[in-house]
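Here is a short briefing on one protein chain. Look over the structure first, then work through the points by topic.

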Amino acid sequence: MPTDEITAAAAGTWTLGDRTVRRMGFGSMRITANPDPDRAVALLRRAVELGVNHIDTAAFYVSPGGTLRVGTGPARYATELIRAALAPYPEELVIATKVGFGYDPEAGFTEAFTPSQLRAQVEENLRRLGRDQLDVVNLRLGRGPGAVPVADRYGALAELRAAGLIRHLGLSNVRPEQLDEVADIAPVVCVQNNYGLDAYREQDAFVRLCGERGIAYVPFFALAGTGREAGASAAQSEAVEAVARAHGVTPQQVRLAWTLHQGPHVLAIPGTADPTHLAQNVAAGALRLTPENLTHLSDPLPPVDHEVIVTDVGVSRR
């Protein structure tokens, strides 16, 4: 596949509220790892050159420490790297961020429950991104019901939306019933959950439900799967390898193509710090899997015993 000739337009588009985005986006978590910020700036600019107009981020994407728990030298926030690379921002660029979780270099991860805590996180994102209004803010929930009902926290963000600080709202790390809890408060334009070809497939029905309601479903860790922040395993299923060989592409491109094939409302936000992988990820939007490919990829996987791991930003399984 001639990756350098393919842009994000190949994946098609979806409308988030009143903003049209290409379905192949970019996740910014991994750009903080390298001590040289110029590498991240160049990568972000290359993503936009390749037609990406939907970038996912969060103020707690920071190194050293932070989500990746790596790095040395001065703090590098993904939001600030995005600002350095792309401000003044292209009119069509949509930046989606998250609140609910935050990161303090001394206290570690914190969770926001009160209106004042949530407002502080929104204002931090505005400041670090250099924006007067955030395009999309996802309320990132933690494990369990939390100290404050979802509707109360979502309502606090809806007030900030009414005040003009936020354009659109979404939910992250949520269950289907939580959509109903906030339905009368403000529109949910997207759901962002951990989901992939061989990870968390119990959410298949949730993906379909979002499509029926016109809500974008935005999987994170679609490539890493249960590896989460640690990244994708080198091991691939035989089905993925076979489909990749048949199309002359990488297994990672097959996984991204499978993600996009789950519905026109499904958006991909693969993250990388490597420009070659960036081009390959974008090019995956042009890969059209056959019905036979999809059937082969959906063959039952061997049973796996998942060990539940509680992390600072939620729950993973290994």
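Accessible areas come from the Shrake-Rupley method with a 1.4 Å probe. By that method, the accessible surface of the protein chain comes to about 13,700 Å². Carbon and sulfur atoms hold 50% of that surface. Keep in mind that this is a predicted model.

**Overall build**

- The protein chain has 10 helices and 15 strands.
- Of the 318 residues in the chain, 54% are buried.
- Take the contacts with a separation of 6 or more: 72% of them join residues 24 or more positions apart.

**Confidence**

- The average pLDDT of the protein chain is 89.
- A score of at least 70 is reached by 87% of the residues.
- Residues 300-318 have a pLDDT below 50.
- Beyond near neighbours in sequence, this stretch still has 35 contacts in the model.
- Where pLDDT is low, the predicted coordinates should not be read in detail.

**Cavities**

- Rolling a probe the size of a water molecule over the atoms shows where empty space is left.
- How many cavities of 30 Å³ or more does the structure hold? There are 2.
- The second largest cavity contains about 30 Å³ of space.
- Its lining is made up of G25, F26, P270, T272, L278, N281 and V282.
- Which helix gives the most to this lining? Helix α9, residues 275-283, does, with 3 residues.
- The lining of the second largest cavity has 4 nonpolar residues, 3 polar ones and no charged ones.

**Cis peptide bonds**

- The peptide bond from S63 to P64 is cis, and its omega is near 0°.
- P64 sits in the loop between β5 (62-63) and β6 (76-77).
- The peptide bond from A87 to P88 is also cis, with omega near -5°.
- P88 belongs to the loop between α2 (78-86) and β7 (94-99).

**Positive phi angles**

- R69 is not a glycine, yet its phi is positive, at about 55°.
- R69 is found in the loop between β5 and β6.
- Is R69 buried or exposed? R69 has a relative accessible area of 55%, so it counts as exposed, the cut-off being over 50%.
- Y200 is not a glycine either, and its phi is positive at about 60°.
- Y200 lies in the loop between β12 (188-192) and α6 (204-212).
- Is Y200 buried or exposed? Y200 has a relative accessible area of 12%, so it counts as buried, the cut-off being under 20%.

Methods
Residues are numbered from 1 along each chain as its sequence is written. This is a predicted model: local features need pLDDT of at least 70, side-chain atom pairs count only at pLDDT 80 or more; totals for chains, interfaces and linings use all residues. Side-chain values use heavy atoms; hydrogens and water are left out. On a 1 Å grid over the protein atoms alone, a cavity is a set of points where a 1.4 Å probe fits but cannot get out, and a pocket is an open set with protein on both sides within 12 Å along at least five of seven lines; lining residues have an atom within 4 Å of a point. Grid points are joined across faces, edges and corners, and a volume is the space filled by probe spheres set on the points. Helices (H or I, at least four residues) and strands (E, at least two) are DSSP runs, numbered from the N terminus. Ala, Val, Leu, Ile, Met, Phe, Trp, Tyr, Cys and Pro count as nonpolar, Asp, Glu, Lys and Arg as charged, and the others, Gly among them, as polar. Buried means under 20% relative accessible area, exposed over 50%, partly exposed in between (1.4 Å probe, protein chains only). Contact means heavy atoms within 4.5 Å. pLDDT is the predictor's confidence in each residue, from 0 to 100.
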